[in-house]
Amino acid sequence: MSDIRKQFPFFQKTEQVWLDSASTTQKPSVLIDTEQTIYKESNANIHRGLYASSESITQKYEEAHSSVAQWINSLKEEVIFTSGTTAAINCIATYWAPLFLKKGDEII
């Protein structure tokens, strides 16, 4: 088993190749463990509370934006998290495209 497959609990049970990521992605253990810890220890609304767990989770959320921005060489303010590809495409079509596209433009 490859090192990358070992990071995903799903692939520890099967030799299956996963080609359905557009619908459902397999999660690595580090993500599952982190989500579980957050739900147990600091579950709160991001950017909405003045209490300790909200401030803590907001800081982690902002740090995630910074990490992704550094990874893709962009500004933190240019990073937008969505629930998935469809939501991201819908955001672009609804909010970005009307500002920058004109009649006759093609998107490839």
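Leaving aside neighbours within four places in sequence, Arg-5 is in contact (heavy atoms within 4.5 Å) with Phe-11, Thr-14, Glu-15 and Gln-16. The model is a predicted one, in which local features need pLDDT of at least 70, side-chain atom pairs count only at pLDDT 80 or more, and totals for chains, interfaces and linings use all residues. Residues are numbered from 1 along each chain as its sequence is written, and side-chain values use heavy atoms, with hydrogens and water left out. Arg-5 belongs to helix α1, residues 3–6; helices (H or I, at least four residues) are DSSP runs numbered from the N terminus. Arg-5 is buried but forms no salt bridge, and Glu-15, the nearest side chain of opposite charge, is 4.6 Å away. Here buried denotes under 20% relative accessible area, exposed over 50%, and partly exposed in between, with a 1.4 Å probe and protein chains only. A salt bridge requires a side-chain nitrogen of Lys or Arg within 4 Å of a carboxyl oxygen of Asp or Glu. For charge, Lys and Arg count as positive and Asp and Glu as negative, while His and the chain ends are not counted.

By this rule, three salt bridges are found. In one of them, the side chains of Lys-6 and Asp-3 meet at 3.9 Å, N to O. Lys-6 and Asp-3 are separated by about one helical turn, because they stand three residues apart in helix α1. Lys-6 is partly exposed at 45% relative accessible area, whereas Asp-3 is exposed at 59%. Glu-62 and Lys-76 form another salt bridge, at 2.9 Å, N to O. Glu-62 lies in helix α3 and Lys-76 in the loop between α3 and α4, so this pair ties together parts that are 14 residues apart in sequence. Glu-62 is partly exposed, with a relative accessible area of 22%, and Lys-76 is partly exposed, with a value of 31%. A salt bridge also joins the side chains of Lys-102 and Asp-105, at 3.7 Å, N to O. Lys-102 counts as exposed at 61% relative accessibility, and Asp-105 as partly exposed at 35%.

Within helix α3 (residues 52–72), Thr-58 is buried, with a relative accessible area of 15%. The side chain of Thr-58 reaches the backbone oxygen of Ser-54 at 2.8 Å. Residues up to four places away in sequence not being counted, Thr-58 touches Asn-45, Ile-46 and His-47. His-47 is placed in the loop between α2 and α3 and has a positive phi of about 65° although it is not a glycine. Most residues other than glycine have a negative phi. Gly-49 lies in the loop between α2 and α3 and counts as buried at 15% relative accessibility. Asn-73, in the loop between α3 and α4, has a positive phi of about 60° without being a glycine; Asn-73 is exposed, with a relative accessible area of 72%.

Ala-87 is found in helix α4, residues 85–100, and is partly exposed at 25% relative accessible area. The C-alpha atoms of Ala-87 and Arg-5 are separated by 27 Å, the two residues being 82 residues apart along the chain.

Methods:
Helices (H or I, at least four residues) and strands (E, at least two) are DSSP runs, numbered from the N terminus. A polar contact is a pair of N or O atoms within 3.5 Å; within protein, one must be able to donate a hydrogen and the other to accept it, and residues adjacent in sequence count only if both atoms are side-chain atoms.
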